[in-house]
Amino acid sequence: MSQPPLLHVQDLHVHFKIKPDRLLGQPATLRAVDGISFSLERGQSLGIVGESGCGKTSAALALVGLTKPTSGDILVNGMPMVADRRERKALAQQIQLVFQDPYSSLNPRMTVGDALRGPLLLHGLNTREDVDEAVGRLLTQVGLRPEHAARYPHEFSGGQRQRIGIARALALRPAILVGDEPVSALDVSVQAQILNLLLELQQTLGLSLVIISHNLAVIEHLCDKIVVMYLGRIVEQGSYADVTAAPRHPYTPALIAAAPGGERTGERVVLQGDLPSPLDPPPGCPFNPRCPRATDICRQEMPVLASHSPSHTVACHHA
């Protein structure tokens, strides 16, 4: 009998109710994530890309249990994330989040050591007698020194703080690490160091990665699979090599061209207009107001994800 995927997301929706005010006049629903599905095997790395407002961070927060899905299934090792409290505590040891901003995600009044001891003691992974040794191992694992445990977050650089955030995510020995724009708040000179650290940790610990980014260069460095999101939906997904070598959705070439060095891959693609509001998505294909290929069917019918090869699916009427 074949093993289930390490992570399986099926028809995930994350909607937020917006209270009426003088501008809206009536309650509205913000469709941050509007029905996405994907899987991740052990040892794989998957990148979720798209413009700001496409729903990728809302998807990430749902994956780790920080946002409650409106509907759909999230299975980790075949177990649903929507489980009782005891089961959720066990699932927390399977999937952990590295936040975008390494400073605001750390308590400024808590030493680094205390920040790392908390999850170890809460989940009973270490006793009070050996927890300091475990903290030292975690700091060494991310390129810091055990004595750094006595310092406070403000005493570190941005890159060092992100290493601390990664150490905290590793404390529970998860199988999956979710990075929400893990290098976007860092100087360019430091970004490569953190990306290389994530690659090293993936190889040495056997981690699976889910990386959220608007930058395809980051995804290229870390990921073998890619999911392209637009206005809460997946418009293209597959292996990184297939999707970037022969993109079939008109949105994907614009993302490729916007990445550093992307202008060398072909004709410069510039999107016209802004991302529509998820409070009022356009009828038909959500990309149709900005799409150079749009026809009447695009304005009337929502395209479905269809396979164009065993490792490449696209949601486009003209793919």
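The largest pocket of this predicted model is lined by 16 residues, of which Val 64, Leu 66, Ala 92, Ile 95 and Gln 96 lie nearest its centre. A pocket here is an open set of points on a 1 Å grid over the protein atoms alone, where a 1.4 Å probe fits, with protein on both sides within 12 Å along at least five of seven lines, and lining residues have an atom within 4 Å of a point. Its volume is about 320 Å³, a volume being the space filled by probe spheres set on grid points that are joined across faces, edges and corners. The lining has 11 nonpolar, three polar and two charged residues, where Ala, Val, Leu, Ile, Met, Phe, Trp, Tyr, Cys and Pro count as nonpolar, Asp, Glu, Lys and Arg as charged, and the others, Gly among them, as polar.

Because the model is predicted, local features need pLDDT of at least 70 and side-chain atom pairs count only at pLDDT 80 or more, while totals for chains, interfaces and linings use all residues. Residues are numbered from 1 along each chain as its sequence is written, and side-chain values use heavy atoms, with hydrogens and water left out.

The structure also holds eight salt bridges, each being a side-chain nitrogen of Lys or Arg within 4 Å of a carboxyl oxygen of Asp or Glu.

| Asp 34 | Arg 233 | 3.7 Å |

Asp 34 is buried, with a relative accessible area of 12%, whereas Arg 233 counts as partly exposed at 25%; buried means under 20% relative accessible area, exposed over 50%, and partly exposed in between, with a 1.4 Å probe and protein chains only. Arg 31 joins Asp 34 and Arg 233 in a network of salt bridges.

Asp 114 and Arg 117, by contrast, both lie in helix 3 (residues 112-122), three residues apart, which is about one turn of the helix. Asp 114 is partly exposed, with a relative accessible area of 38%, and Arg 117 is partly exposed at 21%.

Technical notes: Helix = DSSP H or I, 4+ residues; strand = E, 2+ residues; numbered from the N terminus.
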